[in-house]
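This report describes selected local features of one protein model.

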Amino acid sequence: MTILDASKGYQKYFEEITKIPHGSAEEKQISDYLVQVAHDHNLKVVQDESNNVIIYKNASLGYEDHPAVVLQAHIDMVNEKNSSSNHDFSKDPLDLYIEDGFLKAHGTTLGADDGAGVAYILSVLTDPSLKHPHLIGLFTVNEEATMEGAFNLDMSLINAKRMINIDGEEEDASTTGSAGGMDIVIHHPITYIHAPAKGYALSIKGLLGGHSGGEIHKERGNSNKIIARLLHQCILKGDVQLESLKGGLKINAIPREADATFTSSLPESEVLDIINKTAIQIKKELEFTDEGLTITIEPCNINKVLDKDVSKKIIDFLYLVPTGLRHKSDHLNGLTTSSENIGIIDLQDETFEFGLSVRGALDSYVQDLADEIQTLAKVFGFSATTENWYPAWDYMEHSPMRDLMTKVYKETHDGKEIQMYAVHGGLECGIFKEKCPDMDIVAIGPNIYDVHTPDEKLDLKSFDRTYSFLCKYLENL
Ligand SMILES: [Zn+2]
């Protein structure tokens, strides 16, 4: 028995996909499945070394001289589940159900990001009744983690200059640009001195955090910066020696918690006074963005410490390193055009490591922010390495693909206008543009909510409407 309506190709394929494990970097099975679908329908197919799959479908009658169109989606999903779920992502099919018109999976992510796009493309490629130019179905691996599928793609397999990326999450909006970015890791060797003493445990909790691309403009508190500011205030009056300092879980998430243990040359009453006074100021500043913030300090026993100069350097660097929204655009509806996020701080036995991510709407912004941070690290004598660079998708002023999409959307949605905006997250489209600068790309998708969480849900009516819209668009291309 199926949950979805198997008479609709995209619904049938979506359900098939949810039976095949396909978390990021584990796409071999689903990649093979796509190859099988192509074989079953006598379509030419290429599976490359990364397990990207490219399927070709000839133009329908009368469209032979129309330029080809690429339909692109990523085949990996984010595997997240509730703590109470026994789901095994390596083998179990997702447990689908429908509630109030939404498709969901019990206890896990649904993978509508980007299974919806994959299902649409398979449905188009295997339906002989549709009208369209020559089509190239492009299915990429590992978008959610490294975008290596897009990076490794041999563009000579894609002989086209028009692309529809189907990885959107809002039916009434289309993406017109995305950020580039990179990660910067600051590190330095450290040595501890064993010196049992009385000290303090400082703890930051209750911040909202969020994605460092999508939510950095909300100017929420960053626990790593808050803890640096508090420790810095103590350093202005006396010595601080760190035992531990840890905050944040992911480089691309605004950190919500941070903890430090340390000793100070100041009397206890003064340390508590400085921390508590500064805490009141910070809470007032974040009153409207992070009302849940708590800052606590308690006496504790300390076993080992860093010397006071190294401790000061670490705290001062963290205090100075830029974080948060840097620039926004008046031209593009207040789009964040550059930002930084210090996502991770971690003192370990022999080294400390700070992880930052920087983003920009232009590659030059990214380079400039990275230079700035690397220069600051150099002043402190710390090492800085960059990794995971990805290019920006710069807004294209003149886009015939976008113009036609706007027109067809209006016709298929009772005269409503599709919204256009650029995003501050990274997308594979930036990589395709970098490889082929005159590629004209639009991005679409049905309504999907709570993506990357076990509450992820797909609006089934929107899933139907967006497919009709896609077919109509292809017919006009
Ligand atoms: Zn996606």
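In the classification of residues used here, Ala, Val, Leu, Ile, Met, Phe, Trp, Tyr, Cys and Pro count as nonpolar, Asp, Glu, Lys and Arg as charged, and the others, Gly among them, as polar. By these classes, the lining of the second largest pocket holds 7 nonpolar, 5 polar and 5 charged residues.

The model is predicted: local features require pLDDT of at least 70, side-chain atom pairs count only at pLDDT 80 or more, and totals for chains, interfaces and linings use all residues. Residues are numbered from 1 along each chain as its sequence is written, and side-chain values use heavy atoms, with hydrogens and water left out.

**The pocket**

The second largest pocket has a volume of about 400 Å³. A pocket is an open set of points, on a 1 Å grid over the protein atoms alone, where a 1.4 Å probe fits, with protein on both sides within 12 Å along at least five of seven lines; lining residues have an atom within 4 Å of a point. The volume is the space filled by probe spheres set on the points, which are joined across faces, edges and corners. Of the 17 lining residues, Arg 220, Gly 221, Asn 222, Lys 225 and Thr 323 are the closest to the centre of this pocket. Two or more lining residues come from each of helix H5 (223-235), helix H6 (268-285) and strand S16 (324-328); H5 gives the most, with 3 residues. Helices (H or I, at least four residues) and strands (E, at least two) are DSSP runs, numbered from the N terminus.

Asp 113 lies in helix H3 (residues 112-125) and Asp 167 in the loop between strand S7 (162-165) and strand S8 (173-177), so the pair ties together parts that are 54 residues apart in sequence. Asp 113 is buried, with a relative accessible area of 6%, and Asp 167 is buried at 13%. Buried means under 20% relative accessible area, exposed over 50%, and partly exposed in between (1.4 Å probe, protein chains only).

**The sheet**

An open sheet is formed by 4 strands in the order S4-S5-S23-S22, with antiparallel pairing. Its edge strands, S4 and strand S22 (448-449), each pair on one side only. Two strands pair if DSSP finds at least two bridges between them; strand S4 (residues 96-99) and strand S5 (residues 102-105) are joined by 4 bridges. Ile 98 stands opposite Leu 103 in S5.

**Backbone features**

A cis peptide bond, with omega of about 10 degrees, joins Asp 113 and Asp 114. Most residues other than glycine have a negative phi, and most peptide bonds are trans.

| Residue | Phi | Relative accessible area |
|---|---|---|
| Ala 25 | about 70 degrees | 57%, exposed |
| Asp 414 | near 50 degrees | 78%, exposed |

Ala 25 is found in the loop between helix H1 (9-18) and H2, and Asp 414 in the loop between helix H9 (400-412) and strand S20 (419-422).
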